[in-house]
Structure formats: structure tokens, C-alpha cells
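Look through the sequence and the model below.

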Amino acid sequence: MSNDVRTNWAGNLTYSAGAVARPGTPEELADLVGGSDRIKALGSRHSFCDVADTTGTHVLLDVYDDGRPAVVVDAATGVASLRAGLLYGQAGTALLERGRALRTMASLPHISLAGAIATATHGSGDANGCLASDVVGLEIVTADGEARTLRRGDADFPGAVVGLGALGVVTRVEMATDPAFEVSQDVVVDLPWEALLTDLEAVTGAAYSVSAFTLWDEDAVSQVWLKSRVAGSSDGQAGDATGERRRPARDVLLDLGARDAPGPMHPLAGEDPAASTVQGGVPGPAHERLPHFRAEHKPSTGAELQSEYLVPREHAAEAIEAMRELGPKVAPLLFASEIRTVAGDDLWLSPFDGATLALHFTWKPDDDAVRAVLHDLEAALLPWGARPHWGKIFVAKPAELAAMYPRFDDFAALAQRLDPRGKFRGGYLTEILPA
Ligand SMILES: Cc1cc2nc3c(=O)[nH]c(=O)nc-3n(C[C@H](O)[C@H](O)[C@H](O)COP(=O)(O)OP(=O)(O)OC[C@H]3O[C@@H](n4cnc5c(N)ncnc54)[C@H](O)[C@@H]3O)c2cc1C
């Protein structure tokens, strides 16, 4: 884990940027962007690949102040206008003070809003879309230095949200929120594979957000994290559409053969559970339970690499079987692998165009060995329609990536229109977007 802005968080990548700029005002940002040949926004540096890279100037928004409060909630609609450089954990705390909550969060609260939205970062839940799917508006400074606002309903909006930083510097996001709600988290262990394979719907539908952890070569799925919205919270999750109360998620998993965890767990074997969000069914604010890691602790292990593949839900069983076959090959390189579900959305570069099974891999930091095994993994998963996470490590060729998205040409045309000289293109974006 690195605190140096010249590298990414994991320290596996040194950026090519020649300079770092921290504009403080809209005027400074407009002058900087308009006057630069090569420039790119940098979030909290949590991507593992070079999606955020540039050979020019990196723009950080950590001291940026647009003269408006960092968080404003429209009482009538519940839509929150948030500074784009805020971290998800900060946004969650500020929203709770205003009686609101984000609907979904990733495994960690340490990532920036704009950076996470730009790569279609997601959490879990059959009914939860990726974080970008709750965005209803964006303020963005484009190549000419002009500030534009795009809202749902505008023709370019679905192309701009998961924008990979290729369209400009996003300064504010407007997000749909829910009335504040509480979540309780239970962890069970040793779920039989058979139960996951034959009863996947029961497992992933047991709670508001479900994550299963495995090394793939084990006899049983080692952990399942169940995050349930608490009855009385304003959501209807505690009951189904008929108003009938849902069975406690833990009971569902115990019936399927899992056991209660012996105590607080960390998703990665051997890591300190003190870094994990509160378990044992103790209710707490949504933003303190939906992530796996606490804001005040380091997430995950730090010295690691990550990959993730998003598989259409109809091919979930084939993808899980394929991974089980690769188990002996991937297990020695893994700290942990996580199975989640994500609902579909209409954003052009979102890998979630329908219900999706997300297969995540936290690898030991051996770049060559990981890339070698990714060839096998992609050979097994891409034929089932899997798409790599935009912010993690993959070996698919840029042209293959573009072909996975029916609206990719429309996105390329939008990037060309807003940024004709390609000043926001760096890293692999220089290969997938025409100059
Ligand atoms: C420990 C760990 C756990 C993770 N868990 C998850 C998870 O649960 N789910 C998941 O899906 N992913 C997860 N990730 C991946 C992570 O969420 C993504 O890589 C995300 O994009 C990181 O956001 P960031 O703010 O660090 O952005 P960066 O990595 O800094 O940048 C990512 C992209 O966003 C763009 N960007 C940043 N700020 C702006 C802006 N203001 N305007 C325009 N573009 C901008 C950059 O140009 C770049 O293209 C995890 C990563 C780590 C390290």
C-alpha cells in the first residue's frame, strides 16, 4: 500500500505523469484543463491497471472547492449533489447526518466517488446496481475547460457516467439516495459447493448484499458474508413484495449446510479481523456495514493485485464450474476470491447490462505469475460473456475489450467530440480510443 501520488495505492504501478496539480477553484481547474495538452483526473489511486495514467498532468481534487457545500440533499427527491473527490465513506457519513444513505457500496469506503463511478465499481446484491447506476447527474470540465452538466435524460448521459476519465474531469455527481437505513452483518463458513451450485438463487437472494469467499480448490466455500437491511429501516427489504417477512439470511445459509463463523472474520485468511466491518448481526449505519473494511483501517492486504470478471448471470453455473476446474492452478496465487451479484443498468461502458455474477480475485503480488494464469482464466470465462473490470488487471487485448460493448463506438465518438485532441487519453485508453 503506497501513499505516494506518483504510484497507485497497491504500488504495482508508477504513473507516467510529469506533474501533479491540485486546483483549488473552478477558474484554476478551467485554466489548467483548457491549457494542457495531456491531463487526467486521478482519484484515490485504487485501480490496479493503468486506466488512470497520463504522460501529462495528474489532477487531484482533494483541495478543490466549488464554493458550494460538499454535500447537498434535495429534500423533495432525495437526490444528493456531492463533490466528486469525496471518498465513499465520507459521503456515507455526511449523508447519514442528513437522514439519507447510499444504496450500495464497494468492499472499501476509501475510494473516491468520481474514480469509482468512472470504472463501474460495484458492491453486491441481486437488486443492487453498480455504484454508477445511482448517478443521475454529472458536472464535468471538458477538454476546452468548459464546465458542463449532464443529467439522466440527456442523450450523452449514459455514455458519460462510466467514462474511464476519458471525457473530462468530473467535479460533482448527483446521486439517488435512500432514507437512512441500518444493516446487520452475519458471516457463515463452509458452505458446501453443491449448495452454491444448485441453490445459487437462495444464497445470493438470502440478504440485501451477499459475498462468498473461496480459493476455488477448497472442499467448501470458506465464508459467506450476509448484509441484511434491518426491519423497520425504510426499505421493504425486511419483507417481500407481499409484505411477508423474509427469513433471516443466516438461517437460510445454515439450512444449506453452512456453519456460524467462530468469531469476527477477515475476508483474507491470516489478516486481522479488526479491519473488517462489524459482524455478529449487530445493526449499524448502512455505510458502516455494506463495505467489508472499516474506513479507519487499511482495506485488504495492500501488497496485492486484483482482477475481476463480470459474467452474465445466466452463465453463472458454467463460470463457477470453470473456476472450480482452475482451482488447483489459481489457489496458490490467491489471497482470496469473492463471488458477488450485481443488477443490470443502461450505461454504455458498464459491464452490467443485465443481472451479473462478479468473480473477483485478490492475488499475491507476483505480476508475471498472475498475468500467466489470467490467460487461462480468460480462456475459461470470456467465452461465457465475461467482461474484465475496467480498473483491475486483465490480459484481454484492447480491441477485444471494445468488442464486448455494443455501444463502444458511440462512446468513442462521444470522447472524440468532447476531447478531439485526446488530452484525457492515457494508459490503455490510448489503445482503445482512436487518437
Ligand atoms: C482494496 C481494494 C478493494 C476494491 N474493492 C472493489 C470492490 O469492492 N468493487 C469494485 O468494483 N472495485 C473494487 N476495487 C477497485 C476500485 O474500486 C476501482 O479501481 C476504482 O476505480 C478506484 O477508484 P479511485 O478513486 O481510486 O480511482 P483511480 O484509480 O484513481 O482512477 C480510476 C479512473 O477514474 C478516473 N477518475 C478519477 N477521478 C476522476 C474525476 N474527478 N473525473 C473523471 N475521472 C476521474 C481516472 O482518470 C481513472 O480513469 C478495489 C480496489 C482496492 C485497492
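How many aromatic pairs does the structure hold? The structure holds nine aromatic pairs; rings of Phe, Tyr and Trp (its six-membered ring) pair if their centres lie within 6.5 Å, and planes under 30 degrees apart count as stacked, over 60 as edge-to-face and the rest as tilted. This is a predicted model, in which local features need pLDDT of at least 70 and side-chain atom pairs count only at pLDDT 80 or more, while totals for chains, interfaces and linings use all residues. Residues are numbered from 1 along each chain as its sequence is written, and side-chain values use heavy atoms, with hydrogens and water left out.

**Aromatic pairs**

- W193 and W216 form a stacked pair, with 5.7 Å centre to centre and 25° between the planes.
- W193 lies in helix α5 (residues 193-198) and W216 in the loop between β12 (209-214) and β13 (220-229), so the pair ties together parts that are 23 residues apart in sequence. Helices (H or I, at least four residues) and strands (E, at least two) are DSSP runs, numbered from the N terminus.
- W193 is buried, at 4% relative accessible area, and W216 is buried at 0%. Buried means under 20% relative accessible area, exposed over 50%, and partly exposed in between (1.4 Å probe, protein chains only).
- F394 and Y428 form an edge-to-face pair, with 5.4 Å centre to centre and 75° between the planes.
- F394 sits in the loop between β19 (387-388) and α10 (398-403), and Y428 in the loop between α11 (408-418) and α12 (429-432), 34 residues apart.
- F394 is buried at 12% relative accessibility, and Y428 is buried at 6%.
- F394 and Y428 belong to one aromatic cluster with W390 and Y405.

**A charge over two rings**

- R229 lies over the face of F181, at 3.4 Å from the ring centre. A charge sits over a ring if NZ of Lys or CZ of Arg is within 6 Å of the ring centre and within 35 degrees of the ring normal.
- R229 also lies over the face of Y208, at 4.8 Å from the ring centre.

**An open sheet**

- Five strands form an open sheet in the order β4-β5-β9-β7-β8, with antiparallel pairing. Two strands pair if DSSP finds at least two bridges between them.
- β4 (71-73) and β8 (147-151) are the edge strands, and each pairs on one side only.
- Strand β7 (residues 135-141) pairs with β8 in the antiparallel sense over five bridges.
- L138 stands opposite L150 in β8.
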